[in-house]
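Hello,

Here is the structure I promised to hand over. Please open it first, then read the notes below.

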Amino acid sequence: MSGPRALPAGHRRRWRLVLAVDRYRWWLLGLGVGLVALLVLTSCSAFNDDRGIGDAPADQQPDADRKVWPMPDQFANIAGLCIGGNGVYVTTREAAPAVVADDPECAPGGALAVDEAPE
């Protein structure tokens with residue numbers, strides 16, 4: 001019998017890669033488990049849990065009066081309010097609010113105008 005057979009150059013590189021992965025197998029497995037554990041632990045953060053999910057500041061809601069147009073059952077209600085002369089209209093469905101710049105309904109006598117109480 002002759003000695004071990006010599007591998008072609010391409011095969012030697014492939015075996016070198018397989019041996020390198022085999023040598024660092026436990027290190028790579030530990031790194032993968034650590035990354036998964038890090039993702040799991042940071043996704044369940046209790047940041048701002050007393051206010052809810054903590055994604056939006058709850059203290060910056062406008063206190064302006066709202067005009068609400070109730071709709072029949074199964075239809076979206078519409079609410080409107082004025083913020084700085086701009087009309088903001090929202091619905092109870094998953095739609096973005098509509099903003100009307102310089103809304104005439106915010107002017108005195110408009111549908112969204114806030115009636116000033118006499119002093």
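A disulfide is counted here when two cysteine sulfur atoms lie within 2.5 Å of each other. In general terms, a disulfide is a covalent bond between the sulfur atoms of two cysteines. Keep in mind that this is a predicted model.

**The disulfide**

How many disulfides does a search of the whole structure find? The search finds one. Cysteine 82 and cysteine 106 form it, with their sulfur atoms 2.0 Å apart. That distance meets the cut-off of within 2.5 Å.

Next, the handedness. The torsion about the S-S bond of cysteine 82 and cysteine 106 is about -100°, so the disulfide is left-handed.

What does the bond tie together? Cysteine 82 lies in strand S2, residues 78-83. Cysteine 106 lies in the segment after S4. The pair therefore ties together parts that are 24 residues apart in sequence.

Cysteine 82 has 18% relative accessibility, so it counts as buried. Cysteine 106 has 17%, so it counts as buried too.

**The sheet**

Now to the strands, S2 included. Four strands form an open sheet. The order is S1-S2-S3-S4, and the pairing is antiparallel. Which strands stand at the edges? They are S1 (67-69) and S4 (98-100). Each has a single partner strand, so one side of each is left without a neighbour in the sheet. From one strand to the next, the twist averages 20°.

As background, strands of a sheet pair through backbone hydrogen bonds, either parallel or antiparallel.

Here are the pairings, in sheet order:

- S1 with S2: antiparallel, over three bridges. Lysine 67 has glycine 80 in S2 as its bridge partner.
- S2 with S3: antiparallel, over six bridges. Leucine 81 stands opposite valine 88 in S3.
- S3 (residues 86-91) with S4: antiparallel, over three bridges. Glycine 87 has valine 100 in S4 as its bridge partner.

One detail on the turn. S2 and S3 form a hairpin with two residues between the strands. In that hairpin, glycine 84 takes a positive phi near 60°.

**In short**

The sheet is open, with four strands and antiparallel pairing. The disulfide between cysteine 82 and cysteine 106 is left-handed. It joins strand S2 to the segment after S4.

Best regards

Technical notes. Residues are numbered from 1 along each chain as its sequence is written. This is a predicted model: local features need pLDDT of at least 70, side-chain atom pairs count only at pLDDT 80 or more; totals for chains, interfaces and linings use all residues. Side-chain values use heavy atoms; hydrogens and water are left out. Two strands pair if DSSP finds at least two bridges between them. Axes are lines fitted to C-alpha atoms, for helices over the stretch in contact, and angles run from 0 to 180 degrees between N-to-C directions. Buried means under 20% relative accessible area, exposed over 50%, partly exposed in between (1.4 Å probe, protein chains only).
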